Amino acid sequence: MIHVHDLEREGVSAVKERELFAGYDIGTTSSKISITDNEGRIVASAKVNHSQSFSDDGYPEQDARVWWQDFLKLTAMAGKEIPLSSIKAIGLSSMCPNVLPVSGDGTPLRKSFMYGIDQRAAKEIELLNEFMRQAGDNPLYTEYSSQSILPKILWLRKNEPQIFERTARVLTANGYIAFRLTGQFASDIFSLSAGNLIDLNTLEIFEDPFDHADLPTEIIPDIKWATDLTGKVTRRASEETGLVCGTPVFTGTGDACSDAITNACLEPGNVSISLGGTSIYIQCLDRPVRSPALFVETGAVPGSFTAGGATSCGGLLTDWVTDRLFGLDMDEKESLLSGFRAEEYEPSNMSLLPFFGGARTPFNNPKARGILFGLSMETGRKEILSSVFEAIALDISMIGDEIKRTALEPNQICVSGGGARSEVLLQLIATVLDHELLVSPRQYDSATGAALIALSATSGKALEKVVEDIKKKYDRVEPRAEYSSYMKERKNIFKELYTANIGLFR
């Protein structure tokens, strides 16, 4: 269902007559559209859900045809409320970095490898890191991990050679949508740098590991910044979607970077936290920093860089607990979560390792597993749910600690995403980080960031200027002093529990 937003100064019908900008985001469990006017105000938005799929051996994958069907559904939904001819430009965003092998005509050859939650290429990661250690200088500024693109390409070559032989390009999710719309192959630089393909000194493909692996760099499409034009909507795509033929399609970026735009994470020291299926913490920098544990990437605009990381679970953990452990249906789940307000929270006195998909930043241990410690006969749903939110907050704080050691103290910290609907989670994050949080308006998400990319690229206004009005709408969440000591204690136990069980992870 499309949601038409109330606007402060004008009626919706008046805004529809102006130029509009559409942003699309392809996510882990849903896809979204956000349509803004030329002042960055949201006119309409919608979301469609899709299921997660897994390989026979249990690794997460997604079918690119689902992404395109989502795009068609969202566009049709938008067309019921606004004339699609009003959309003057399109921006794209997606979970990143996915790895989708396609043929020369852009046909997907298999389901897409997911981003860092897909940890199947562990051996290839080890081999590439050993090569980098022997090579000495490292222009990636970090190590290969489950987030990296190249290990998954090498895994494909070794384990599915018939598919690899037919692979002409590998695309990210936003790159695939851009191809379906324009017929042009392109890669956004943030997603490639998040996948450890970019020499951060030259901002070009780092060729040495490709040469070492005897792999042509041409398998990676042309590199573009978020506001660069990929192409224009083709006649065929126009007939499929209802969008006007010739509408500009801008390359866009990965969802973490798209969220960083709406979170005003565009100046050195500013931090963006995205609370989605996984949780992402990134800080804007004016230069790359060296860290084996962090993601070290470009930023949203030329001249900017980011350091950050991601957890293996966020909303995915909440879903697992409410679906599989509690056995709730959708309505029951929404009732439980919406009713779990700040005044209902009490410390759980349990410790949960949320490594249901292995441990990501800063542990980078694909063998790690989830542990719920401290259960008793008195433990109920409320205590378990409290431990879930505590674990998500603690996991995020580990990334923040690593960035403090490597880069800058945080300046402004802004939070967005579905998890930002939880007062409990926001207050726990603020408490464990010991820092005020700014909370982006709920409707401003990664799809909105993509729309703002299209607006900025079309108007020539810098992204910093485009987001100025959004910053006026941020809410503030302060740390809860009464829980500060408790969260410090939980953090120490979290680390001890992980360390004590490393030998048991298989």
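The mean pLDDT of the protein is 92, and 97% of its residues reach 70 or more; pLDDT is the predictor's confidence in each residue, on a scale from 0 to 100. Where pLDDT is low, the predicted coordinates should not be read in detail. Helices (H or I, at least four residues) and strands (E, at least two) are DSSP runs, numbered from the N terminus.

The model is predicted, so local features need pLDDT of at least 70 and side-chain atom pairs count only at pLDDT 80 or more, while totals for chains, interfaces and linings use all residues. Residues are numbered from 1 along each chain as its sequence is written, and side-chain values use heavy atoms, with hydrogens and water left out.

**Buried positions**

Burial is described by relative accessible area: buried means under 20%, exposed over 50%, and partly exposed in between (1.4 Å probe, protein chains only). Helix α6 (residues 173-182) is mostly covered, with nine of its 10 residues buried. Among them are Y176, I177, F179 and L181. Just after α6, G183 takes a positive phi of about 80°.

L154 lies in helix α4 (residues 150-159). Its relative accessible area is 12%, so L154 is buried. Contact here means heavy atoms within 4.5 Å. Leaving aside residues up to four places away in sequence, L154 touches E124, L128, A213 and L215. The C-alpha atoms of L154 and K123 are 9.9 Å apart, although 31 residues separate the two along the chain.

K32 belongs to strand β3 (residues 30-37). K32 is buried but has no salt bridge, and the nearest side chain of opposite charge, D25, is 4.0 Å away. For charge, Lys and Arg count as positive and Asp and Glu as negative, while His and the chain ends are not counted. The side chains of K32 and S446 are joined by a polar contact of 3.3 Å. Such a contact is a pair of N or O atoms within 3.5 Å; within protein, one must be able to donate a hydrogen and the other to accept it, and residues adjacent in sequence count only if both atoms are side-chain atoms. Beyond the residues up to four places away in sequence, K32 touches several others, including Y24, L74, D445 and A447.

**Salt bridges**

Side chains of opposite charge can pair when their charged atoms come close. A salt bridge is a side-chain nitrogen of Lys or Arg within 4 Å of a carboxyl oxygen of Asp or Glu. The structure holds 20 salt bridges, and the table gives examples.

| Salt bridge | N to O distance |
|---|---|
| E240 and R180 | 3.5 Å |
| E343 and R341 | 3.8 Å |
| D401 and K491 | 2.6 Å |

D401 lies in helix α13 and K491 in helix α18, so this pair ties together parts that are 90 residues apart in sequence. Both D401 and K491 are buried. Salt bridges that share partners also join E61, R110, D118, R120 and E160 into one network.

The salt bridge between E240 and R180 has an N to O distance of 3.5 Å. It links distant parts of the chain, with E240 in helix α9 (residues 235-241) and R180 in helix α6, 60 residues apart. E240 is partly exposed at 36% relative accessibility, and R180 is partly exposed at 24%.

**Aromatic pairs**

Rings of Phe, Tyr and Trp (its six-membered ring) pair if their centres lie within 6.5 Å; planes under 30 degrees apart count as stacked, over 60 as edge-to-face and the rest as tilted. The whole structure contains 14 aromatic pairs. The ring centres of F340 and F389 are 5.9 Å apart and the planes stand at 20°, so this pair is stacked. F340 sits in the loop between α12 (330-339) and β21 (351-353), and F389 in helix α13 (residues 381-406), 49 residues apart. F340 is buried at 7% relative accessibility, and F389 is buried at 6%.

F355 and Y498 have ring centres 5.8 Å apart and planes at 85°, so they form an edge-to-face pair. F355 is in the loop between β21 and β22 (371-373), and Y498 is in helix α18 (residues 484-501), 143 residues apart. Both F355 and Y498 are buried. Together with F363, F494 and F505, they form one aromatic cluster.
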